[in-house]
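Subject: Structure handover

Hello,

Here is the structure I promised to pass on. Please open it alongside this email.

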Amino acid sequence: MFDPSLLGRLSFNLTAPTKAPLAVGRNFLGIAEERDAILYVPENLKKDGPVPLLVMFHGSGGSAEKVLPFLQEHADRRGFLLLLPQSIYPTWDIVIGGNGPDLERLGQALTEVSSHYDIDPAHLGFAGFSDGGSYALSAGITNGDIASHVIVFSGGFMSVFMQEGSPKVFIAHGLIDEQLPIETSGRAHATKLKAAGYDVQYVEFNGLHIIHPPIVAMAIDFFLEEPQHLAVE
């Protein structure tokens, strides 16, 4: 029988939590000896009812620690869980040669988080920067029955062999991105997804290949479904 994970499908299913909540702050999940996934728990996370979870994938050569500062303040202020997986190799498996160990570890990390918290299925987002943006876009569209929102910061490509569900999509790209030209990445992805019927918010900003803090603020509003900022410099 064909293994759907080869096409990027996660075997993860949300279940009721069976373990106590984790400590406030950074928690290693214990799914790997090296480059373990980190769960950031804000102090003001609500104690009753389902909670939002945003998964953030780092860029090539990056790490959880490099992308956490861009999102930690938002998690603290807005009260959502922040899961930061880490690729086994310098970048994600899908970039190197196809779905494999990183997808498996993502499923393990999601399972571990849901064993501690009641996750809101309407606010379970996949986000990422650069190669991580490509990973979030590819995994999010492939697993749109799991990911409610997909957030792409300057992603390069989209590798999708099957589509499930209908996640809402936020794509942002710099007009002068020196690594991943906007015409063949951000604009192309937004056009293709809109044509396929996805709800897409597409934003261009005057910048290079960076995580732009005002764009992050817009993306968090999008994830939590609150009114958007009107302009970005």
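Below are notes on the voids and on one helix pair.

Please keep in mind that this is a predicted model.

**Pocket**

Start with the largest pocket. Its volume is about 220 Å³. The lining of this pocket counts 15 residues. Nearest the centre of the pocket are Pro21, Leu45, Lys46, Lys47 and Tyr117. Sorted by class, the pocket lining has eight nonpolar residues, five charged and two polar.

**Cavities**

How many cavities of 30 Å³ or more does the structure hold? There are two.

The largest cavity has a volume of about 80 Å³. Its lining includes Ile31, Arg35, Asp36, Ala37 and Phe57. Pro85, Gln86 and Trp92 also line this cavity. So do Asp102, Arg105, Leu106 and Ala109. Which helix gives the largest share of that lining? Helix α3, residues 101–116, does, with four residues. By class, the lining of the largest cavity splits into seven nonpolar, four charged and one polar.

The second largest cavity comes in at about 50 Å³. Leu7, Gly8, Ile94 and Asn99 are among the residues that line it. The lining also takes in Tyr135, Ser138, Ala139, Thr142 and Ser159. Here helix α4, residues 131–142, gives the most, with four residues. The lining of the second largest cavity has five polar and four nonpolar residues, and no charged ones. The lining of the largest cavity, by contrast, has four charged residues.

**Helix pair**

Now the helices. Two packed helices are described by the angle between their axes and by the distance between those axes. Helix α1 spans residues 64–78 and helix α6 spans residues 213–224. They pack at an angle of about 40°, and their axes are 11 Å apart.

On the α1 side, the contact is made by Phe70, Leu71, His74 and Arg78. On the α6 side, Val216, Ala217, Ile220, Asp221 and Leu224 take part. By class, this contact of α1 with α6 has six nonpolar residues, two charged and one polar.

Best regards

Key. Residues numbered from 1 in each chain as written. Predicted model: local features only at pLDDT ≥ 70, side-chain atom pairs only at ≥ 80, totals over all residues. Heavy atoms only, no water. Axes fitted to C-alpha atoms, helices over the stretch in contact; angles between N-to-C directions. Helix = DSSP H or I, 4+ residues; strand = E, 2+ residues; numbered from the N terminus. Contact = heavy atoms within 4.5 Å. Nonpolar A, V, L, I, M, F, W, Y, C, P; charged D, E, K, R; others polar. 1 Å grid on protein atoms, 1.4 Å probe; cavity = no way out; pocket = protein on both sides within 12 Å on 5 of 7 lines; lining within 4 Å. Points joined across faces, edges and corners; volume = space filled by probe spheres on them.
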